Amino acid sequence: MAKKEHISETPATQFLRKHQVAFSAHPYAYEEKGGTAVSARELGVDEHAVVKTLVMQDEAARPLLVLMHGDCTVSTKNLARAIACKSVEPCKPDVANRHTGFLVGGTSPFGTRKAMPVYVEKTIFDLPRIYINGGRRGYLVGMDPAELVRLLAPIAVEVALP
C-alpha cells in the first residue's frame, strides 16, 4: 500500500498559510526541462490553468516577476512597452535564485526573498482556478486567482504569445 507523501512547508506555503489562503497541494514527479506541460499532464489539468512564475529583469537589472499561462510565452518587447522600460529579459538561473530564494523550476511568487513588482497576464484572472508553484520543484498549489490580487498587488498586462 502506497504511503501518502508528506509535503513539507516552503517559504511559499508558509506565506499562504500566514495570509489565510485556501489552497490545495499538488505534488508531482518533477522532470528536468519538462515545464508546465509535465505538471499539467501529471495533475490532469489544462496547461492554460498552470501559471508559471518567470523572473525577469529590466535594462537596469531590476528584477520583476511575470505570471503567465503555462501554454503561452511572454513577449518581452510588449512587456517592456507595457511597463515603460527599454528592455526586459529573463534572469540567469543563479540571479533568479538569488532574487527569489527559490530554485528555477520551483519559483513561487509567494514568499520571495526580495520584494519585486509582479506583472500578471490579465486573462489569468478569468480562470476559475489556477495551479501555481508552491516553492519547490514538483509541487504546485491550486487556488482562486483572485488571491493573487489580494496577496501580490500585481499589475495586469497583455503580453502573452501563444
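The face of α4 turned away from its buried side carries two exposed residues, P93 and R98; buried here is under 20% relative accessible area and exposed is over 50%, with partly exposed in between (1.4 Å probe, protein chains only). Helices (H or I, at least four residues) and strands (E, at least two) are simply DSSP runs, numbered from the N terminus. The model is a predicted one, where local features need pLDDT of at least 70 and side-chain atom pairs count only at pLDDT 80 or more, while totals for chains, interfaces and linings use all residues. Residues are numbered from 1 along each chain as its sequence is written, and side-chain values use heavy atoms, with hydrogens and water left out.

Back to α4. Its buried residues are V95, A96, H99 and T100. They span an arc of only 120 degrees around the axis, which puts them on the same side of α4; the arc is taken from the directions from the helix axis to the C-beta atoms. The cover over these buried residues includes β2 and β3, with contact meaning heavy atoms within 4.5 Å.

A12, T13 and L16 are its buried residues. Looking down the axis of α1, these fall within an arc of 95 degrees, so they line one face of the helix. They pack against β7 (130-136), β8 (139-143) and α5 (146-152). Just after α1, Q20 takes a positive phi of about 55 degrees.

As for α2, the buried set is T36, V38, S39, A40 and L43. Among the elements covering them are β1 (24-27), β2, β7 and β8. G44 follows α2, and its phi is positive too, near 70 degrees.

On to the strands. Six of the seven residues of β7 are buried, so this strand is largely enclosed by the rest of the structure. Strands count as paired if DSSP finds at least two bridges between them. On one side of the bookkeeping, β2 and β7 run parallel and are joined by two bridges, with V51 standing opposite I132 in β7. On the other, five bridges join β7 to β8, and this pair is antiparallel. N133 has L140 in β8 as its bridge partner. The hairpin of β7 and β8 has two residues between the strands, and G138 in that hairpin takes a positive phi near 80 degrees.

Strand β6 (residues 118-121) is buried on either side: V118 and V120 point one way, Y119 and E121 the other, and all are buried. Three bridges tie β3 to β6 in a parallel arrangement, in which L67 stands opposite V120. β6 also runs parallel to β9 (residues 155-157), again through three bridges. There, Y119 has I155 in β9 as its bridge partner.

G70 sits between β3 (63-69) and β4, and at 6% relative accessibility it counts as buried. Leaving out residues up to four places away in sequence, G70 touches T36, E47, H48, V50 and K52.

Finally, the pocket analysis. It was run on a 1 Å grid over the protein atoms alone: a cavity is a set of points where a 1.4 Å probe fits but cannot get out, whereas a pocket is an open set with protein on both sides within 12 Å along at least five of seven lines, and lining residues have an atom within 4 Å of a point. Points are joined across faces, edges and corners, and a volume is the space filled by probe spheres set on the points. The largest pocket comes out at about 710 Å³. Its lining takes in 29 residues, with G35, T53, L54, V104 and G105 lying nearest the centre. The elements giving two or more residues to this lining are α2 (35-43), β2 (50-58), β4 (73-74) and α4 (93-100). The top contributor is β2, with seven residues. By residue class, the lining splits into 14 nonpolar, 10 polar and five charged; Ala, Val, Leu, Ile, Met, Phe, Trp, Tyr, Cys and Pro count as nonpolar, Asp, Glu, Lys and Arg as charged, and the others, Gly among them, as polar.
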